[in-house]
Amino acid sequence: MNVTGRTTDWNSVNWRNAFRVVRRLRQRIFKATIGGNLKKVGSLQKLLMRSYSNIVLSVRRVTQLNQGSKTAGGR
């Protein structure tokens, strides 16, 4: 079973919303790091790693946007 437990139709993903969710989580991690709140940093990192938006964007980056996807043996 995959991490999210649900299937994804790539055409129905709201990419703008997914980018916004991931960007806001990264900003929160940055602010907590600057503030020295390491407990919050850890919890936010765990939240980011389990975020559906982050998983979808990561898979998209590896499969579609990665320049290495056009090299020999990449399929």
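**Exercise 1. Determine whether S51 is buried or exposed, and state where S51 lies and what S51 touches.**

Step 1. S51 has a relative accessibility of 11% and therefore counts as buried; the term buried applies under 20% relative accessible area, exposed over 50%, and partly exposed in between, with a 1.4 Å probe and protein chains only.

Step 2. S51 belongs to the loop between α2 and α3. Helices (H or I, at least four residues) and strands (E, at least two) are DSSP runs, numbered from the N terminus.

Step 3. Residues up to four places away in sequence are not counted; S51 then touches V21 and L25. Contact means heavy atoms within 4.5 Å.

The basis of these values is as follows. The model is predicted, so that local features need pLDDT of at least 70 and side-chain atom pairs count only at pLDDT 80 or more, while totals for chains, interfaces and linings use all residues. Residues are numbered from 1 along each chain as its sequence is written, and side-chain values use heavy atoms, with hydrogens and water left out.

**Exercise 2. Describe the chain as a whole: its secondary structure, its burial and its surface.**

Step 1. The chain has 3 helices and 0 strands, and its pattern along the sequence is α-α-α.

Step 2. Of the 75 residues in the chain, 21% are buried.

Step 3. Among contacts with a separation of 6 or more, 62% are between residues 24 or more positions apart.

Step 4. Accessible areas come from the Shrake-Rupley method with a 1.4 Å probe; for residues, only the protein chains shown count as cover.

**Exercise 3. Identify the residues of the largest nonpolar core and the element that gives the most to this core.**

Step 1. A nonpolar core is a set of buried Ala, Val, Leu, Ile, Met, Phe, Trp, Tyr and Cys residues joined through side-chain atoms within 4.5 Å.

Step 2. The largest such core has 12 residues: V13, W15, A18, V22, L25, I29, A32, V41, L44, L48, V56 and L57.

Step 3. Two or more residues of this core come from each of α1, α2 (38-49) and α3 (52-65). The most, 6 residues, come from α1.

Step 4. For V13, the contacts beyond four places in sequence are T8 and V56.

**Exercise 4. Examine the surroundings of W15 and find the aromatic pair in the structure.**

Step 1. W15 is in helix α1. Apart from neighbours within four places in sequence, W15 is in contact with W10, V56, L57 and R60.

Step 2. The whole structure contains 1 aromatic pair. This pair joins W10 and W15; it is stacked, with 5.6 Å centre to centre and 5 degrees between the planes. Rings of Phe, Tyr and Trp (its six-membered ring) pair if their centres lie within 6.5 Å; planes under 30 degrees apart count as stacked, over 60 as edge-to-face and the rest as tilted.

Step 3. W10 has a relative accessible area of 33% and is therefore partly exposed.

Step 4. The charged end of R60 sits over the ring of W15, 4.7 Å from the ring centre. This description requires NZ of Lys or CZ of Arg within 6 Å of the ring centre and within 35 degrees of the ring normal.

**Exercise 5. State the location, accessibility and contacts of R26.**

Step 1. R26 lies in helix α1, which covers residues 15-35.

Step 2. R26 is partly exposed because its relative accessibility is 46%.

Step 3. With neighbours within four places in sequence left aside, R26 contacts L48, N54 and R61.
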